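Please consider the following model of a structure with two chains in view.

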Amino acid sequence: MIGIRHILVIVGLWATIVFFAWILSKYLETVYGDKESKLDRIFIPVENFIYGLIGLDKNKTMKWKEYFLNVLIFSAFSAVVSFLILYYQGYLPINPMHFPDLSWSLALNTAMSISSNTNLQHYGGGSSLSYLSQMVGIQFLQFTSAATGLAVAVAIFRGFAGKKNQTEGLGNFYVDLVRSLTRVLIPLSFIFAIIFIIIGIPQSLSGYTLVRTLSGSEQILKIGPVASLVSIMQLGTNGGGYFGANSAFPFQNPNPISNYIQMALMMIIPTSMPFLFGRMINRMGEGRTILIASYGLYAIDLIIAFIPVTVLGAGMEAGIGPFSSVFWTVTTTAFTTGSVNASLAAFNPIVIIPAFMGMLIQATPGGIGVGTMYMLMYIVITVFIVGLMAGRTPEYLGAKITAGDVKLAVIGFLSHPIIILIPTVIAYAAGYVHAIGYGTGPTSFTQIFYEFTSAAANNGSDFLGTTGNTVFFNVSTAIVMWAGRFIPIFVMLAIAGRIQERRRSSEISLRTDDIIFPIVLIVSILILVILTFFPFLAIGPILMHLEGIKNAL
Amino acid sequence: MHSDIKSDMNGSNSGRSHDEKVSWKNISFDSVLRLNPVKLISNPVMFVVELSFFVVLIMALDPSAFPDLAHQQDRLFYGVVSIILLITVWFSTLSDSIAEARSRATAEGLKKLEAETPAKRVHVKEDGGREIEEISSSELKKGDMILMSKGDQIPIDAEVSEGIAMVDESLLTGESAGVRKAKGDTLIGGSKVVSDSIIAIVTTDPEDTYIKKLVRMVESSKRPKTPNEVALSVLLLGLTGVFTIILIALIGLSVTLSLGADLSVLIALYVCLLPTTIGALLPAIGISGMTRMSKNSIIAKSGKAIETAGDADTILLDKTGTITIGNRLASEFIPVGKHTERELAEAAFLSSWNDDTPEGRSILELAFQKGFLPKEFDALREGVFEEFSAVTRRSGILLVDSDDFTLPKGGREFYQRHRFRKKFDLATTMVDDTTILKGAPESIKERTGTQNDEFDEVVNRVTSEGDTPIAVSIHGDVLGIIRFRDVLKRGIKEKILGLKKMNIRPIMVTGDHPLTAKSIASEVGITEFISQAKPETKYQKVKEEQAENRIVAMIGDGTNDAPALAAADVGLAMASGTFPAKEAANMIDLESDPSKIIDVVILGKQLLMTRGAVTTFSVTNDVAKYFAIVPIMFASVPALQALNFLQLTPHIAVLSALIFNALVIPALIPLSIRGTKFRPQSTLRIFMKNLLLYGVGGVILPFVAIKMIAIILVYAGGAL
């Protein structure tokens, strides 16, 4: 069912994205580097005002521990604010629909979900959140969590760049955060919000409207500040939509143009990160390696997704079409955004496999900022394993990889299966799965397994939706989301901090900027990550597919 | 050329008279003792495999202990699985035992060198006379004075204080080569005096000799792990953790989702996925690295030094001793003016007769080969010899009429001169006193007051060609120039080429004139050299290179070299060198062969490559094992059979995967002990070759092997 036309769409979109990402990376270098920008005249006064407001010394740089601690404190602080708004939304203003407070566990889940850039939606956005909750509890955090991801990434890049660019430490988290907001996320999402309004996505605070349809029945039009949310939810690879149905809901994604713009939006910043890495470490070839490996894995995902001849079952969004739905689903998991434009349950299970792959790898190219961070983690492990075969102590960017680095990378690597598999087993063993009406078949298992995978990968797409609004799933996924977010950030900031201090060799042992290394990297990721989860994929989506074939015969 | 380097490395092994005598009986016994779980805990991968063995063993004995996960009718199968698991662990302990047995055998061989020998201690009496006391070598103490005569074994490390002797220092290689030892030289316990007698002062206590150090290096059971080994262990521990989580999750899901998995099958998958191959062989690789160092007679003060050697970017090579054999040799007589080659050669012959330096001997040899023998030969008996002096930069001889012929001083040249003597015994014509001078051209010019353009031109030509000119004069008349040429060490060109292929920069260091240095350097293919080096030059160069973030390896022997040896990342000192040099270096070569630094680098690289290759192989093997076991893992989910493209029935699948997993270990023991094949090549090519062999091969081989084992099992099962 996939023809030349579709391949051209994919290649065309990729080429466009890569081109603009390359341009964006030049701009990002001025945002985070020492280079001056013409826009400084506008931004510097604004930023200085903000620094003054929060009492920040912008010249103070932080070592990795301090940087991480501030990331954690800031994220916790925003989660608490969000929690309070959601938990007390009934008492708070800007609530024309008079929605009641969220339960404590749902408020907790939502606050942890948004602050960790996950946006797992156990809430029905359009049917339970006030405008204040949507704008401050959700939308504001979507900006800050995306900005946190960017800040962490550039801090890590500075570490890998070595001491040349920075006298000491990885930079100042709050400066990076503020600049990410003022210079990147706010301007870009503003521009795209305007574009979305033009192409027909609503932006209003006037409350839901009751209309009489042509057939004479009454319908509530759930409109609100949708356009502004859509632009940041995609741009910041958050994925939490205004509506529970996300971009499958016509007000959030009315036509093919809005569909592709939203895809482009979620791809643009993660795609520019490898280029930014190359620029910051002054070796564009290394950035290219990350880009090739990410897009190579992304391409493998897409090929698998398009394998089944009978791709889609019933219930598809007719306006967007099967091709676009599958392309979107693979993309949203590849970039760990988690927005959806079609119901996952409607897909052939084979499509779910690459969705899993995207979330298990998290670097294809992954979420905003953190995607490249995960790729660096895989590079450290891969360089260590295969680098020995070159007959030298493995080095990345000239820095020798020590036992300490391997230990940290292994902790990051090990945390993922732990936080996915252990809660999945507990959910079944303690009967929480049965409590929400799910059975023990491959379909149910796939959905529960997907829930925790999505939470751990800070993706946010899910099968459960509001069904997941139970104390167990709210609390367990909340913990998983934070562990899945901050353990890897901790690990990679630590590695970056260590590598920054290390003596760099000027001789190249194993080249990581040629064409062979990305291939080695892809294979190594597939073996280490996907094969690890192979038994679980086998009893989940693969079994679903096989049983589907058997039933069809 | 590649074979040259290899044969050098191996040659020194095979040439040894006391090669390992490994007792297989002891090895088997030792490897079984090592199965003790308490001892295994230091190797986490193997430890969990052994735990798995116990679990499956219990399953075989009493399946009811594991409701839902074990079945009564499969007890025989569990029994077989548990035996394979135990054998897997045993293969691992076996590889340790073999590696240690080999290193023990090496240590035994070394100990024999320093076994109790009689020693002659010299006592100085109050009246200045000396008394010799026969004692055993173990009674010697630091500071004792000992006497050694021809045929004696040197009982302990010492420093010559009186006399000159030839000593055979080929401790371990078995190739006999005499070294001349004079006052101040170091003697290593275990070597043999082959001529003359010397008196020396003992420099160490019996428990601290170089041989003892070597033995300790090989034997030390608490060998600290090298940095790369530590990192690799961490990785293996991490992988073990990942697969343990997977095992736990699979057990949990199998029960809660009623997938009907058998615990023994889940454990089989777990063990197959664990990096058992590298886990089993990692210790053996490290031990055998040390053993191979000791076979090259190199004491490494730490395993880290060997690994660092593999990382070297730059090597500082001394010209003399490393690139060229110790001394320059006469290669041509160039007469000047109206003198003939014969006149020059004969004069040179006469002047060199009592010159015991290798240069002097080479003149005799060259003259003899060309048939230039002086008729004044007999006059040699009473020549007054002027020793070469660094101050006057010349040596000479004054010949007077005499009848006696004295034998030359001891040493290797004895026989040669003996032949001369027989041949010319009858020649008795002799003339007036003759003064022959030979030495540096400027010195001779100054002494004789010669002004000769042709002479200057010849001197310049010889110099510009990288050779050393020595002028010869008779009665104040300059006869000509003897050309002295450096003689390259055998195989050195190939070694240098190998270094360059490995992207290691060789830098030649020499005190010679720049032109001479350049000529030698270009002859062996070295582009960078430092000429007219002063004692501190090496240290400066080490620091310079390190400032550019390069890893520097170097060799040294003099006290002057000590700071550079200490600063260098890899410092190899010659055992014949001074004490401070040996203290500063992190490796000592007992055979004092400077070119061994290159072998050390190769050994370091081999160690790293072997570990990387086995790890990669271990990880890539998992692909096939997944596809063998996962499709048959859940008895209640027959639909997964669609993935079973190896077409294996459940028990056969588990057994073949486990058998393959176990057999890989002994199959790779020889590789771990000998190291991967190594040919000096660029890092990229080495990497690509290993990647193809162990990476791609590691994916494909197990598919084929598991299927073949399955076919054999089915066939054998049918036959039974």
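In which loop of chain A is A:Pro365 found? A:Pro365 belongs to the loop between α12 (349-361) and α13 (370-387) of chain A. Helices (H or I, at least four residues) and strands (E, at least two) are DSSP runs, numbered from the N terminus. The peptide bond that leads from A:Thr364 into A:Pro365 is cis, with omega near -5 degrees. For orientation, most residues other than glycine have a negative phi, and most peptide bonds are trans.

This is a predicted model, in which local features need pLDDT of at least 70 and side-chain atom pairs count only at pLDDT 80 or more, while totals for chains, interfaces and linings use all residues. Residues are numbered from 1 along each chain as its sequence is written, and chains are lettered from A and ligands numbered from 1 in the order in which they are written.

Another loop of chain A, between α4 (104-115) and α5 (125-128), holds A:Asn117. Phi of A:Asn117 is near 65 degrees, a positive value in a residue other than glycine. A:Asn119 lies in the loop between α4 and α5 as well, and A:Asn119 has a positive phi of about 65 degrees although it is not a glycine. A residue is buried if 20 or more other C-beta atoms lie within 10 Å of its own, exposed if 12 or fewer, and partly exposed in between, with C-beta atoms placed from the backbone. A:Asn117 counts as buried because 32 other C-beta atoms lie within 10 Å; A:Asn119 is buried, with 32 other C-beta atoms within 10 Å.

Chain A as a whole has 19 helices and 4 strands. Its radius of gyration is 22 Å, close to the 24 Å that the globule rule gives for 553 residues, so chain A is as compact as a globular protein of that length. The radius is taken over C-alpha atoms, and the rule is 2.2 Å times the number of residues to the power 0.38. Along its principal axes, the C-alpha trace of chain A spans about 75 × 60 × 50 Å. Of the 553 residues of chain A, 58% are buried. Two residues are in contact if their C-beta atoms, placed from the backbone, lie within 7 Å. Among the contacts in chain A with a separation of 6 or more, 79% come from residues 24 or more positions apart.

Chain B contributes sheets to the picture. Strands of a sheet pair through backbone hydrogen bonds, either parallel or antiparallel; here, two strands pair if DSSP finds at least two bridges between them. One open sheet of chain B has 7 strands in the order β10-β22-β21-β20-β11-β18-β19, with mixed pairing. Its edges are β10 (298-300) and β19 (528-530), each with a single partner strand, so one side of each is left without a neighbour in the sheet. Strand β18 (residues 505-509) of chain B runs parallel to β19(B), and 3 bridges join them. Within this pair, B:Ile507 has B:Glu528 in β19(B) as its bridge partner.

Another open sheet of chain B consists of 6 strands in the order β2-β1-β3-β9-β4-β7, and the pairing is antiparallel. Here β2 (130-136) and β7 (186-187) stand at the edges with a single partner strand each, so one side of each lacks a neighbour in the sheet. Strands β3 (residues 145-148) and β9 (residues 198-202) of chain B pair in the antiparallel sense over 4 bridges, and B:Met148 has B:Ile198 in β9(B) as its bridge partner.

Where the chains meet, 56 residues of chain B are in contact with 47 residues of chain A. Helix α7(B) gives the most to the side of chain B that touches chain A, with 16 residues. B:Val234 is found in helix α7 of chain B. Leaving aside its neighbours within four places in sequence, B:Val234 is in contact with A:Ala403, A:Val406, A:Lys407 and A:Val410. B:Val234 counts as buried because it has 21 C-beta neighbours inside 10 Å.

A nonpolar core is a set of buried Ala, Val, Leu, Ile, Met, Phe, Trp, Tyr and Cys residues joined through C-beta atoms within 7 Å. Of the 361 residues in the largest such core, A:Ile156, A:Val380, A:Leu493, B:Ala268, B:Ile629 and B:Leu658 touch the most other members. Helix α6 (residues 131-161) of chain A gives the most to this core, with 15 residues.
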